[in-house]
Amino acid sequence: MNRQAGPDPLLSLLRQTADGDRKSFQVLYEETNHRLKVYLYRLVGDRSCIDDILIETYTQVWKSSATFQGRSLVMSWMIGIARNVAFKEMGRIHYHENLDDHREIIAKTVDPDAGDRKKVLALALAQLKPRHREILDLAFFHDLPYREIADILNIPVNTVKTRVFHAKAALKTALNKMDIDSNNL
Amino acid sequence: MMSKRENKTQISGEPEALDTAITRRIFKETAEDIPPASPDVFARIEEAIASTAFSEDADPMLPPSFLAVQVNRLRDLITQTRFAWGVAAAQAIVLCLFFAFSSSDHFYQTLSGSQPGVQSTSSPSFTVMFKNNATIGEIEALLAHAGATIIGGPGARGIYIITLAQPDNQDRNESLKRLKSSSLVTFIEEAY
């Protein structure tokens, strides 16, 4: 894992937000909204509701900033809030019962030889189970330590390790099925 | 540029995991195409927090409690159209069973009330109860002796409706006396 040592760069922004500083809150938003959106993009099937989930997430962050106790990174805390909001939203509109369900994948025909590398990779990610996509996103896009991921997903650290391994294997299989040499990416 | 796999041999058994560096590169690269939230989103957040007070509630990162999850599931269930139709169907079945298994014998009825199925007659009718151990033969013999005819019953509680054949009041009273004095009769009153 790539967690950088040192103080959490978002912590002071959150503390100032807790003091009611709107400017700090806006900076916190600007620093984090893309990362949260990427997380939600990979978690939620219906992209049209991502903005609504973001708005509810940041509203919760504003309201609860004073309750943050520093037991995790601020980013992990915010992802945890976004996750709960997303599940509530998905439950309300009857998407799926849990992350183990396979999501409907938007059918796309992508030709790896056409040079559209990102589309091919995105399609490979879409083949993954949502829980695999989520854990790889947390581990390799957000670079969160296993302990933080375990807290967000509410599972033991060892389960995180196992799930990461299986998720990586699943991603390799997905790439192989698309005739992509994963060793040459 | 991505190269196609030259060797298409299938991986047998447990597939080996993708290299960590490659996995990281895939996730970073594919995130680049996802745009940041639009300025409109922050405007909506500002609107939302303008009317929101700071909360002292539990940490919102914590997943909802088991009870809250069950309540949410129940709420989702009862708001489903399928569930509403299910409830309506169940109610219809219960009503059908109720009407199918209920009969007139189960209805409450006063002793003096008129019975369903009682034949209409111009002569006065009487409500009669006989002793539990009275036989049909004994009852028939008594009624014949008194000039009475059963026109209704017996109900669930053994109540008969009878009429007396005598048109004359005096003869009718005589018949009533016979019936009242009989050890087979426990109750007799004019029916209204």
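Helices here are DSSP runs of H or I at least four residues long, and strands are runs of E at least two long. Counted that way, chain A of this predicted model comes out with 8 helices and 0 strands. Reading along its sequence gives simply α-α-α-α-α-α-α-α. Chain A has 185 residues, and 45% of them count as buried. As for how the chain folds back on itself, take the contacts in chain A between residues at least 6 apart in sequence: 65% of these join residues at least 24 apart.

The largest nonpolar core holds 62 residues, and the ones with the most contacts inside it are A:L40, A:M78, A:A82, A:A86 and A:L171. Helix α4 of chain A, spanning residues 74–92, supplies the largest share of this core, with 11 residues. The core also takes in at least three residues from each of two domains of chain A, domain 1 (9–95) and domain 2 (103–185). To see what the surroundings of one such residue look like, consider A:L40: setting aside neighbours within four places in sequence, A:L40 touches A:I50, A:I53, A:L54, A:A82 and A:A86. Apart from this core there is another one, made of 15 residues, including B:F130, B:L143, B:Y160 and B:I161. As a general point, nonpolar side chains in soluble globular proteins tend to be buried together.

Still in chain A, helix α7 covers residues 146–153, and its buried residues are A:E148, A:I149, A:D151, A:I152 and A:L153. Just past the end of α7(A) sits A:N154, which adopts a positive phi of about 60°.

Chain B brings in a sheet. Four strands of chain B line up in the order β2-β3-β1-β4, making an open sheet with antiparallel pairing. At the edges are β2 (148–152) and β4 (185–190) of chain B, each of which pairs on one side only. On average, neighbouring strands in this sheet are turned by 35° against each other, ignoring direction.

Strand β1 of chain B, residues 125–130, is worth a look of its own. It is joined to β4(B) by 5 bridges, with the two strands running antiparallel, and within that pairing B:T127 has B:E189 as its bridge partner. Another 5 bridges tie β1(B) to β3(B), again antiparallel, and here B:F126 stands opposite B:I162. Since 6 of the 6 residues of β1(B) are buried, the strand is largely enclosed by the rest of the structure. Both of its faces are covered: B:S125, B:T127 and B:M129 are buried on one side, while B:F126, B:V128 and B:F130 are buried on the other.

Helix α5 (residues 136–146) of chain B packs on it, touching β1, β2 and β3 (159–164) of chain B, and its direction makes about 120° with that of β2(B). Helix α6 of chain B, residues 169–181, lies across β2, β3 and β4 of chain B and runs at about 150° to β4(B).

Methods:
Residues numbered from 1 in each chain as written. Chains lettered and ligands numbered in written order. Predicted model: local features only at pLDDT ≥ 70, side-chain atom pairs only at ≥ 80, totals over all residues. Core = buried A, V, L, I, M, F, W, Y, C linked by C-beta atoms within 7 Å. Buried ≥ 20, exposed ≤ 12 C-beta atoms within 10 Å, placed from the backbone. Domains from an automatic or database assignment. Contact = placed C-beta atoms within 7 Å. Pairing = 2+ DSSP bridges. Axes fitted to C-alpha atoms, helices over the stretch in contact; angles between N-to-C directions.
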